[in-house]
Amino acid sequence: MRLELKLGKIIRSKKRDRCPRFWTSPARLKMSLRTKLKHLTLIQRATSRYLSHLSHHNNHHPPPPLPPAPQLEDPHNQLKEDPFGILSDLWVKTFTQSYKPFNNLSGFLSKFDLWVLAYQRTCANVTGTFPHKNSIYINTLSDLLSLKNAVVRNHFQWNSKTQQFIRSPNDKPINLLSKRKLNSVLASKTPPFQDLVVQEVLLMILEPVFEPQFSSKSHAFRPGRNPHTVIRTIRSNFAGYLWFIKGDISEILDNVDVNVVMGCVEKAVKDKKVLNLIKSGLKGPPRNFTCGEDIGEKVSKRKRKKGQTRKRLLNENEPKPDPYWLRTFFDFAPEEAAKIPNYGYCGILSPLLVNVCLNELDHMIEDRLIKFFKPCESDSIWKYSMKDSCHNPSWPEFVPTSGKEKTRKMDYIRFGGHFLIGIRGPREDAVGIRKEIIEFCESKFGIRLDNSKVEIEHITRGIQFLDHIICRRVVHPTLRYTSSEGKIVSEKGVGTLLSVTASLQQCIRQFRRLAFVKGDRDPEPLPCTPMLYSGQAHTNAQMNKFLESMADWYRYADNRKKIVGFCAYVIRSSLAKLYAARYRLKSRAKVYKIASRDLSRPLRESSNNAAPEYSDLLRMGLVDAIEGVQFSHMSLIPSCDYTPFPRSWVPDHERVLREYIQLQNPKFFCQLNKLVKQQGLCFPQDEISKIVWDYKTLGIFNNRFNGDKESENASHKVMPAP
């Protein structure tokens with residue numbers, strides 16, 4: 001009772017002045033407290049009953065155990081094998097069974113060692129440095145492991161720029177980006193770093209699978225093959241053909257039906273996980289942010305305008321762009337090699353998919369080659385089989401033109417989306433083959449080709465392929481032979497030489513496009529303005545690298561000296577005009593007078609007379625040595641390379657693989673052993689084992705390598721038994 005009165009006084013004293021409605025009488029407060037105590041008693045009894053019931057239930061039905069906390073995988077425990085050993089075994093396996101489809105490739109996707117190697121290669125392409133395996137941080141390995149698990153469990157999505165498992169070393173976190181930069185990143189066409197890693201893994205797995213199935217006539221986007229192998233193959237194998245079919249099916253490099261690509265891939269790969277990953281990359285997921293496209297275009301325009309007024313500064317970790325000479329050389333790429341396919345989000349996997357599709361065309365034409373061949377014994381070449389050769393491969397083939405009947409034969413070669421077919425026969429055969437190719441491309445790839453895309457040209461007009469002109473020259477050689485009477489007879493013969501020359505007009509056209517010359521028939525060199533703010537040593541070094549690349553590009557052209565000499569003249573004159581403007585000289589003649597013909601002597605402004613001499617600065621190491629512009633004389637330009645090129649040439653890696661597979665075959669060793677015994681030879685291993693056996697049993701060393709008996713007797717030494 002005293003407690004209740006005391007509580008009532010406290011409540012009245014504190015809340016009467018603040019709010020009158022909170023004032024409560026002691027009787028009312030007393031009833032409320034009694035009610036509350038009664039309710040608390042009831043709640044306590046109900047709680048005790050519930051707890052007793054719950055304890056009784058748990059005794060008969062124990063609660064399920066809690067799930068264990070997920071344990072994070074250690075990436076280092078996943079690194080168990082050598083990635084190069086894994087890929088080598090895959091290459092050997094695919095070349096051993098080249099015509100069997102592969103049903104299980106998901107196991108290679110689960111190998112974390114391949115993902116680490118793919119990450120290293122991607123970093124080398126993006127940042128310019130190949131990180132060592134031990135220098136990769138544990139956080140990066142964990143992110144890479146998460147990416148691998150997402151791909152294996154079908155949780156990976158292409159072109160996901162907001163949810164990335166791993167980022168490039170140069171990328172900033174999205175949280176640190178502003179809204180404008182975030183929109184520009186989402187609208188940019190640059191693929192995420194994780195897409196490049198997945199593409200690299202797929203390329204490492206799929207390239208060994210398809211490479212043994214590809215035709216030897218295909219030379220683009222394949223290891224060990226390049227435009228030079230095409231030129232050398234044409235020089236070696238395409239002599240004697242009169243009609244040529246030059247085809248352009250580069251439309252397949254721009255766009256192709258997904259079902260067509262998947263139909264070609266499924267012939268060799270049956271793994272559904274890999275097929276679904278390729279198919280999703282070809283289709284591409286829908287964009288989540290469509291509003292960012294316009295913003296990205298505005299940002300790119302704004303950057304383009306700024307780039308015209310001031311230089312662009314590179315970020316801290318941003319790789320340097322290609323040097324000027326390399327960009328200039330890439331701009332000289334021929335039409336057949338200028339276009340690189342890019343399907344959806346497949347990236348570097350796209351060239352392989354193009355070869356997979358066009359491999360159907362290659363095999364179709366190869367079957368047509370066999371059916372078309374009709375030998376003729378009265379002809380000078382290909383009398384009996386398609387592989388007959390009666391010429392020196394180190395020189396363009398000599399083909400006589402006399403004779404009524406000729407062997408009917410054709411050959412084929414392809415580089416990317418362009419192919420060349422040589423036909424020895426009438427023009428009607430070329431027209432029929434062109435019709436078959438057009439029908440095949442329309443039915444197989446859905447590409448409609450007209451006659452302008454598949455042209456028929458005669459050898460006398462010259463066929464341009466990879467910036468080289470294929471033509472023939474009629475020659476009248478003097479044939480000397482010994483008659484039946486023993487006299488030496490000299491007669492005039494008639495024949496043709498296959499000529500592969502570089503196109504000078506195409507070279508002038510490329511120089512004019514890059515603003516090095518103006519005019520067509522009589523081109524006039526222009527100053528090399530992109531190198532205006534570079535020193536003389538740096539400018540000459542850049543142009544020397546460009547000229548070396550051009551000389552190597554035209555290495556197998558008959559007119560190599562002429563075409564490289566013209567390039568050197570254009571570059572040297574362009575630099576002379578540039579130096580005349582930079583050092584305030586009036587003409588090129590004054591520049592040549594001071595700097596010599598190869599521009600190797602230093603030039604300096606005449607107004608600064610107090611400047612130290614170049615020789616003193618070079619001695620102190622303050623300036624770089626100035627290299628003269630190469631190929632300033634025709635005698636310094638190398639001649640055409642006529643190194644013999646075998647008709648059945650294969651790249652070195654394929655030859656080594658086939659030899660290794662042959663050595664693994666026990667039948668080959670049995671045949672080799674029989675051959676050695678038939679010829680009375682002895683293996684080095686048998687000789688060594690015999691020497692060791694004699695030493696252990698007799699305690700003497702018997703010299704069996706010297707055939708002289710005296711030296712053999714003198715070489716016998718009595719040694720104590722071990």
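**Figure 1. Overview of the predicted chain.** The model shown here and in the following views is predicted. The chain contains 27 helices and 14 strands. Of its 722 residues, 39% count as buried. Among contacts between residues at least 6 apart in sequence, 72% join residues at least 24 apart.

Figure 2. Phenylalanine 210 touches Val265, Ala268, Val269, Leu352 and Val356, when residues up to four places away in sequence are not counted.

Figure 3. Helix H20 covers residues 536-553. At 1.5 Å a residue, its 18 residues should span 26 Å, and this agrees with the 26 Å that separates its end C-alpha atoms. Of the 18 residues of H20, 13 are buried, so the helix is largely enclosed by the rest of the structure.

**Figure 4. The surroundings of phenylalanine 566.** Phenylalanine 566 is found in helix H21 (residues 560-582). The relative accessibility of phenylalanine 566 is 15%, and it therefore counts as buried, the limit being under 20%. Apart from residues up to four places away in sequence, phenylalanine 566 touches Leu504, Cys507, Ile508, Phe511 and Pro523. Phenylalanine 566 and phenylalanine 631 are 65 residues apart along the chain, and their C-alpha atoms are separated by 9.7 Å.

**Figure 5. Serine 350 in helix H17.** Serine 350 lies in helix H17, which comprises residues 350-372. With a relative accessible area of 0%, serine 350 is buried. Leaving aside neighbours within four places in sequence, serine 350 is in contact with Pro341, Asn342 and Tyr343.

**Figure 6. The salt bridge between aspartate 113 and lysine 133.** Side chains of opposite charge can pair when their charged atoms come close. The structure holds 21 salt bridges. In one of them, the side chains of aspartate 113 and lysine 133 meet at 4.0 Å, N to O. Aspartate 113 belongs to helix H6 (residues 112-127) and lysine 133 to the loop between H6 and H7, so the pair ties together parts that are 20 residues apart in sequence. Aspartate 113 is buried, at a relative accessible area of 4%, whereas lysine 133 is partly exposed, at 32%.

**Figure 7. The salt bridge between aspartate 429 and arginine 408.** The side chains of these two residues, aspartate 429 and arginine 408, meet in a salt bridge of 2.6 Å, N to O. Because aspartate 429 lies in helix H18 (residues 427-444) and arginine 408 in the loop between strand S2 (398-400) and strand S3 (409-415), the pair ties together parts that are 21 residues apart in sequence. Aspartate 429 counts as buried at 17% relative accessibility, and arginine 408 counts as partly exposed at 26%.

Figure 8. Lysine 577 and glutamate 524 meet through their side chains in a salt bridge (3.0 Å, N to O). Lysine 577 lies in helix H21 and glutamate 524 in strand S12 (residues 524-525), so parts that are 53 residues apart in sequence are tied together. Lysine 577 is partly exposed, with a relative accessible area of 23%, and glutamate 524 is partly exposed at 29%. In a further view, Glu211, Arg222, Arg225 and Glu654 are linked in a network of salt bridges.

**Figure 9. Two loop residues with a positive phi.** Most residues other than glycine have a negative phi. Asparagine 159, which is not a glycine, has a positive phi of about 60 degrees. Asparagine 159 is placed in the loop between helix H7 (138-152) and helix H8 (179-187), and its relative accessible area of 19% makes it buried. Aspartate 467 also has a positive phi, near 60 degrees. Aspartate 467 lies in the loop between strand S6 (463-465) and strand S7 (468-475), and it counts as buried at 5% relative accessibility.

**Figure 10. A nonpolar patch on the surface.** Leu663, Phe669, Leu672 and Leu675 form this patch and together have about 350 Å² of accessible area. Helix H25 (residues 666-678) gives the most to the patch, with three residues. Leucine 663 is located in helix H24 (residues 652-663) and is partly exposed, with a relative accessible area of 44%.

Methods
Residues are numbered from 1 along each chain as its sequence is written. This is a predicted model: local features need pLDDT of at least 70, side-chain atom pairs count only at pLDDT 80 or more; totals for chains, interfaces and linings use all residues. Side-chain values use heavy atoms; hydrogens and water are left out. Helices (H or I, at least four residues) and strands (E, at least two) are DSSP runs, numbered from the N terminus. Buried means under 20% relative accessible area, exposed over 50%, partly exposed in between (1.4 Å probe, protein chains only). Patches are made of residues with over 30% relative accessible area and no salt bridge: like charges are joined within 9 Å, nonpolar side chains (Val, Leu, Ile, Met, Phe, Trp, Tyr) within 5 Å. Accessible areas come from the Shrake-Rupley method with a 1.4 Å probe; for residues, only the protein chains shown count as cover. Contact means heavy atoms within 4.5 Å. The expected span of a helix is 1.5 Å times one less than its number of residues.
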